[in-house]
Amino acid sequence: MELYYHPLSSYCWKVLIALYENGTAFTPRMLEEPGVAEEWARLWPIARFPILRDGDAVIAETSVIIEYLGLKAPGPFVPIPPDPDAAIEARLMDRLLDNYVMTPLQAVVFEAVRPADANRDPHGVTQAKAMLAKAYAMIETRMTGRSFAAGETMTLADCAAVPALFYADYILPFRATHPTLAAYMARMEQRPSVARVLAEKEPWFHNFPFAKGPPADAGPPD
């Protein structure tokens, strides 16, 4: 298996956490390396990463990649629980975290890295932060009493939760106001698979526009 990725990408973290948690062997194909970006673009012309190549199979979309790994490289990490109700909850939490945490935080990041002469979208940033605030409240309630994002075992939902919440905390800090999310992240950041991802991002983290802290107006939206 080969993973085409960048260690700063939140969606790449999602797959890396699954790989590291399971101890799955793979060849890293980092987009910074000579020729890799061209290879990746040929394999997946839509030009979004990560993608996984397994022989002739090219798998895209992080949730699908992680389900594929669970089927093709089974091990100690079971991304989709065998119980049907637990499986639905894991998939639901994955979607909530991707759509309502990862997507709005990326909208704020993309606004921050736009060229100075580009059209600005302050209204879009306000809307994104409002969505983050709503998502925090919903996920805080849903995760209360759980050890992991979707229950008592680590699943696909945690692969989505860690990168989404890690980066979102720089956009709209939550650790002082949402104790369940704060305690969850504190636990997960000590987990070897997550700690490895966090360590590997360090050489590139200065490129994240909010690496030195949240924007000055990062308080809850009015």
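**Figure 1. G151 is buried, at 16% relative accessibility.** The model shown here and in the other figures is predicted. The cut-off for burial is under 20% relative accessible area, and therefore G151, at 16%, counts as buried. G151 belongs to the loop that joins α5 and α6. In sequence, 62 residues separate G151 from E89. In space, the C-alpha atoms of G151 and E89 are 8.3 Å apart.

**Figure 2. Helix α5 spans residues 122-143.** The helix has 22 residues. From its first C-alpha to its last, α5 reaches 31 Å, close to the 32 Å expected at 1.5 Å a residue. The buried residues in α5 are G124, V125, A128, K129, L132, A135, Y136, I139, E140 and M143. They lie on the same side of α5 because the arc they cover around the axis is only 135 degrees. H123, K134 and T141, on the other side of α5, are exposed. The cover over the buried residues of α5 includes α4 (84-112), α6 (156-171) and α7 (179-189). Just after α5 comes G145, with a positive phi of about 90 degrees.

**Figure 3. Helix α8, residues 192-200, has the buried residues S193, V194, V197 and L198.** These residues are on the same side of α8, because they cover an arc of only 135 degrees around its axis. The elements that the buried residues of α8 pack against are α1 (10-22), α6 and α7.

**Figure 4. Four strands form an open sheet in the order β2-β1-β3-β4.** The pairing in this sheet is mixed. Strands β2 (27-30) and β4 (57-60) are at the edges and have a single partner strand each, so one side of each lacks a neighbour in the sheet. From one strand to the next, the twist averages 20 degrees. Strand β3, residues 51-54, pairs with β4 in the antiparallel sense, over four bridges. V58 in β4 is the bridge partner of R53.

**Figure 5. R29 in strand β2 is a buried arginine.** The relative accessibility of R29 is 17%. Burial requires a value under 20%, so R29 counts as buried. With neighbours within four places in sequence left aside, the contacts of R29 are E2, L3, Y4, Y5, V36 and E39.

**Figure 6. The loop between α2 (36-43) and β3 holds P50 and also A47.** The peptide bond from F49 to P50 is cis, and its omega is near 5 degrees. A47 has a phi near 60 degrees, which is a positive value in a residue other than glycine. Most residues other than glycine have a negative phi, and most peptide bonds are trans. A47 has a relative accessibility of 30% and so counts as partly exposed.

**Figure 7. E61 lies in the loop between β4 and α3 (62-72).** E61 is a residue other than glycine with a positive phi, near 70 degrees.

**Figure 8. The chain contains eight helices and four strands.** From the N terminus on, the order of elements is β-α-β-α-β-β-α-α-α-α-α-α. The chain has a radius of gyration of 17 Å, close to the 17 Å given by the globule rule for 222 residues, so the chain is as compact as a globular protein of that length. Along the principal axes, the C-alpha atoms of the chain fill a box of roughly 50 × 45 × 25 Å. Of the contacts between residues at least 6 apart in sequence, 72% join residues at least 24 apart.

Terms used
Residues numbered from 1 in each chain as written. Predicted model: local features only at pLDDT ≥ 70, side-chain atom pairs only at ≥ 80, totals over all residues. Heavy atoms only, no water. Helix = DSSP H or I, 4+ residues; strand = E, 2+ residues; numbered from the N terminus. Expected span 1.5 Å × (residues − 1). Buried < 20%, exposed > 50% of the residue type's maximum accessible area, 1.4 Å probe, protein only. Arc of directions from axis to C-beta. Contact = heavy atoms within 4.5 Å. Pairing = 2+ DSSP bridges. Axes fitted to C-alpha atoms, helices over the stretch in contact; angles between N-to-C directions. Rg over C-alpha atoms; globule rule 2.2 N^0.38 Å.
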